[in-house]
Amino acid sequence: MVLYPVSLRSSLVQITVERNDMEKLIQQLKRHEGVRNYAYRDVNGLLHIGCGRNIEGEGMHRGLGISNDEIEYMLRNDIERTIKELSSEYQWFNELEDGARRDAIINLHFNLGRPRFAKFKKAIAHMEKGNHDMAASEFLDSRWAKQVKGRALEVTDMIKTNTYV
């Protein structure tokens with residue numbers, strides 16, 4: 001038997017379900033709802049994700065969305081994925097000490113994604129040589145910096161100074 005804590009309208013209740021029954025229910029719901037890794041619209045045009053999770057933001061059929069715990073879980077997974085990508089592709093990243101500069105690169109890569117980050121060839125070359133001021137200048141001289149404005153200033157300042165803003 002497994003206890004599942006469930007939050008229902010801010011009152012915490014515990015639901016008791018036999019482990020085998022929960023697995024059967026999970027398999028059935030996956031079969032009936034389907035499993036999608038990306039957001040999709042159901043037959044009624046409502047936005048869903050995963051296994052039938054209604055994430056519609058507005059209207060009469062407003063969904064559950066995702067909880068703060070789920071957001072935190074996904075964010076931590078995304079940060080770990082970002083660090084793995086940076087570590088496997090850029091030796092200079094592995095040589096950065098923990099701190100603001102390393103976090104700035106993680107932030108930048110997280111925001112841009114792998115393909116767009118890789119296009120910053122001059123900035124990456126400067127990072128590889130330890131020319132952090134020049135790397136920051138290259139990151140700032142971009143469409144990305146114009147789009148994200150204050151974020152770009154904060155992140156590039158962290159790259160230059162290795163201090164948190």
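This tour moves through a predicted model, from its nonpolar core to its aromatic rings and then to a surface patch.

**The core.** Begin by selecting Trp92, Ile105, Phe117, Phe139 and Ile159; within the largest nonpolar core, which has 25 residues, these touch the most other members. Next, colour the elements that give two or more residues to this core: helices H3 (91-95), H4 (100-112), H6 (121-129), H7 (132-140), H8 (143-148) and H9 (150-161). Helix H4 supplies the largest share, six residues.

**Around Ile105.** Centre the view on Ile105 and display its surroundings. Which residues does Ile105 contact, leaving aside neighbours within four places in sequence? They are Leu86, Trp92, Phe93, Leu96, Phe117, Met127, Phe139 and Ile159.

**The aromatic rings.** Now select Tyr90, Trp92, Phe93, Phe117, Phe120 and Phe139, which form one aromatic cluster. The structure holds five aromatic pairs. For Trp92 and Phe93, the ring centres lie 6.5 Å apart and the planes stand at 80 degrees, so this pair is classed as edge-to-face. Trp92 and Phe93 are both buried.

**The surface patch.** Finally, turn to the surface and select Ile66, Ile71, Tyr73 and Met74. These residues form a nonpolar patch, and together they have about 390 Å² of accessible area. Why does Ile71 count as partly exposed? Its relative accessibility is 40%, which falls between the limits of 20% for buried and 50% for exposed.

How values were computed
Residues are numbered from 1 along each chain as its sequence is written. This is a predicted model: local features need pLDDT of at least 70, side-chain atom pairs count only at pLDDT 80 or more; totals for chains, interfaces and linings use all residues. Side-chain values use heavy atoms; hydrogens and water are left out. A nonpolar core is a set of buried Ala, Val, Leu, Ile, Met, Phe, Trp, Tyr and Cys residues joined through side-chain atoms within 4.5 Å. Buried means under 20% relative accessible area, exposed over 50%, partly exposed in between (1.4 Å probe, protein chains only). Helices (H or I, at least four residues) and strands (E, at least two) are DSSP runs, numbered from the N terminus. Contact means heavy atoms within 4.5 Å. Patches are made of residues with over 30% relative accessible area and no salt bridge: like charges are joined within 9 Å, nonpolar side chains (Val, Leu, Ile, Met, Phe, Trp, Tyr) within 5 Å. Accessible areas come from the Shrake-Rupley method with a 1.4 Å probe; for residues, only the protein chains shown count as cover. A salt bridge is a side-chain nitrogen of Lys or Arg within 4 Å of a carboxyl oxygen of Asp or Glu. Rings of Phe, Tyr and Trp (its six-membered ring) pair if their centres lie within 6.5 Å; planes under 30 degrees apart count as stacked, over 60 as edge-to-face and the rest as tilted.
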